[in-house]
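Thanks for coming. I have one structure to go through today, so please look at the screen.

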Amino acid sequence: MLKYIIRRLFMLIPVLIGVSILTFSLIHLIPGDPARSMLGEKATEAQLESLREELGLNDSYIVQYGRFLGDILQGDLGESIQSKEDIAIQLLHKLPATVELTIFAMLLAVVIGVLAGVVAAVKQYSWFDNLSMTGALFGVSLPIFWLGLMMIWLFSVTLNILPPSGRLTAGVELNTITNFYLLDSILTGNWVAFKDAFSHLLMPGLALGTIPMAIIARMTRSSMLEVMRQDYIRTANAKGLKKYLVIFQHALKNASLPVLTVIGLQFGLLLGGAVLTETIFSWPGIGRYVYLAVLGRDYPVVQSTILIVATIFVLINLLTDILYKYFDPRIRYE
Amino acid sequence: MHHLSLQPNPIPDPNTVNVDQSEQTKSRRLWIDSAMRIVKSKTSFIGLCIILILILTAIFAPLIATHSPTAQDIINRYQPPSSEHFLGTDELGRDIFSRIVHGSRISIQIGVIAVGIAMIIGVLLGGVAGYFGRWIDQIIMRIIDIMMAFPSILLAIALVAVLGPGLTNAMIAVGIVGIPQFARIVRSAVLSIKETEYIEAAKSIGAKHGRVLMQHVLPNCVAPIIVQTTLSIGTAILDAAGLSFLGLGAQPPTPEWGAMLSDGQAAIQNAPWVVAFPGLAIFFVVLGFNLLGDGLRDALDPRLKQ
């Protein structure tokens, strides 16, 4: 197992180098002069030259890439053109908000998705099966930005029970330790802040979690149906084991492998989906950060954020593969 | 894996392929069977109907629309749905129904162009990688791996960020991020097809690689390509609408559904219909393509049925 992990980590290196080349090349794909594109038509030649110098755009492509890679390896992601702030610090500050939202969305998706999938499989062709699978089908077709807006209209505007934006209501105090607000409020025993942070998480979490929830529900159902046909399930039933034990201990355990892969893949995709969700709910994470950078043509921020997200995405996929192998020793990779 | 259409017997002449009559009948029968299965399946039939409605709406948009999609009528802004304006009016008093009807043309355009880019490049890359193998395969598939290291919508946003906002660039970006899926599917199909006897036969009588690939291998990958194309159109429309919603895709006054949502979000408190109806349009069209895609997969290759 350890050998496998080490080999996979080595295989990661060319992919990450490729990711860095692609991210680096983005700025060179800009039609015309990148400096002009960033500073706009009114910029003077002196300003343009200064930016070119600052970004090293006058050097050769290879030299630029070497510097880019060297800086990244030292944790230096450069500074924002607009705010002049250190991008690495900004990302570190904003990442917990995105990770908190993503984990919360995934938790909702897994709990509801797996439960719905299991019940639908156990009660195949029942009204619940039909209803949940129709819901899952609708779920994968929903534009999450529209769902988010409709939620705001229903829960914030019409019913006035959930806050429409942000992470915490103005005036609610919270001493941040990790910048994960739910965790921080538990650590400091601040239940007022916990309740407030939780209510802020609900809508964006649900909006972001809808698509993975639908996919997980469908995958769990089909995987459960496959497993429930196996002989060992029949044996477990025949020997009089309680039904919930058969379902959760025997069937779900064996049906969970394909579901695990889907969860891993979806988790990475949520990081992409966070751009839309964070924009709608004004969630101060890296999704909104990159969106504002795109609008402001702040390319160093766009480059760095995309590089970090892609690296996290690749690592999550690797972790999924490792877990898959761990849980199913029958799988052999050459 | 997917031998669903013509499978010629060993070929006498590489330049004049004579397909056996009974094989041709069998193949036609297979497609007819598949079509029957789609029509019989309730869900894929609904999907097919939704797509037909979309196509008809796009063709007859000027006849169906009750107003001009761009005509402003500031006095009548934010009118709720009524007999005059079926789905109400937006912030500039434009008729939402007419804008949605005309927007169907843009959705089809996005579907065809974005997925066309993804399909043509993806099929060629996957086909070449699978057919030639070795270092060609290695290079192509590593590039595909790198592209897949980015969450697709984020890569699309990054591409539009550098290419500049606009519907054309959004379609190109959505097309590019769709390439890996086609490449992988076609590569795996080609890998199994190239080992079959009729490919060996074609090669042994001296047919050139290009001809074997284009005339014998790729036509036998049609089934998975059709399924992927249908499912990809839904995703492409969704992604392009997302880009337009962020202000990176279609620009005003284009009646693109995602852009309509974006324009209307400020008024959600007082005029929720401005946001509700364009979103429903996106939802139904994507649902249609997903339903049909699922149905096609089950009909063309029952082994993939979940």
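Which residues does V140(A) touch, not counting residues up to four places away in sequence? In this predicted model, the list has I211(A), A214(A), I215(A) and R218(A), and from chain B, L238(B) and N290(B). V140(A) itself sits in helix α6 of chain A, residues 127–141. Take I215(A) from that list: 75 residues separate V140(A) from I215(A) in sequence, yet their C-alpha atoms are 6.9 Å apart in space.

Is V140(A) buried or exposed? The relative accessible area of V140(A) is 16%, and the limit for buried is under 20%, so V140(A) counts as buried.

Next, S141(A), which is also in helix α6 of chain A. The relative accessibility of S141(A) is 0%, so S141(A) is buried. Leaving out residues up to four places away in sequence, S141(A) touches L238(B), F283(B), V286(B), L287(B) and N290(B). With N290(B) there is a polar contact, side chain to side chain, at 3.0 Å.

Now to the surface. A nonpolar patch there is formed by I103(A), L107(A), V111(A), I112(A), L115(A), Y244(A) and F248(A), with about 670 Å² of accessible area together. Two elements of chain A give two or more residues to the patch: α5, residues 87–122, and α11, residues 243–280. The largest share, five residues, comes from α5(A).

One of the patch residues is I103(A), located in helix α5 of chain A. I103(A) has a relative accessible area of 38%, which falls between the 20% and 50% cut-offs, so I103(A) is classed as partly exposed.

That is what I have; questions are welcome.

Methods
Residues numbered from 1 in each chain as written. Chains lettered and ligands numbered in written order. Predicted model: local features only at pLDDT ≥ 70, side-chain atom pairs only at ≥ 80, totals over all residues. Heavy atoms only, no water. Helix = DSSP H or I, 4+ residues; strand = E, 2+ residues; numbered from the N terminus. Buried < 20%, exposed > 50% of the residue type's maximum accessible area, 1.4 Å probe, protein only. Contact = heavy atoms within 4.5 Å. Polar contact = N/O pair within 3.5 Å; in protein donor to acceptor, adjacent residues only side chain to side chain. Patch = residues over 30% accessible without salt bridge, like charges linked within 9 Å, V, L, I, M, F, W, Y side chains within 5 Å. Areas by Shrake-Rupley, 256 points an atom, 1.4 Å probe, with all protein chains shown as cover. Salt bridge = Lys/Arg side-chain N within 4 Å of Asp/Glu carboxyl O.
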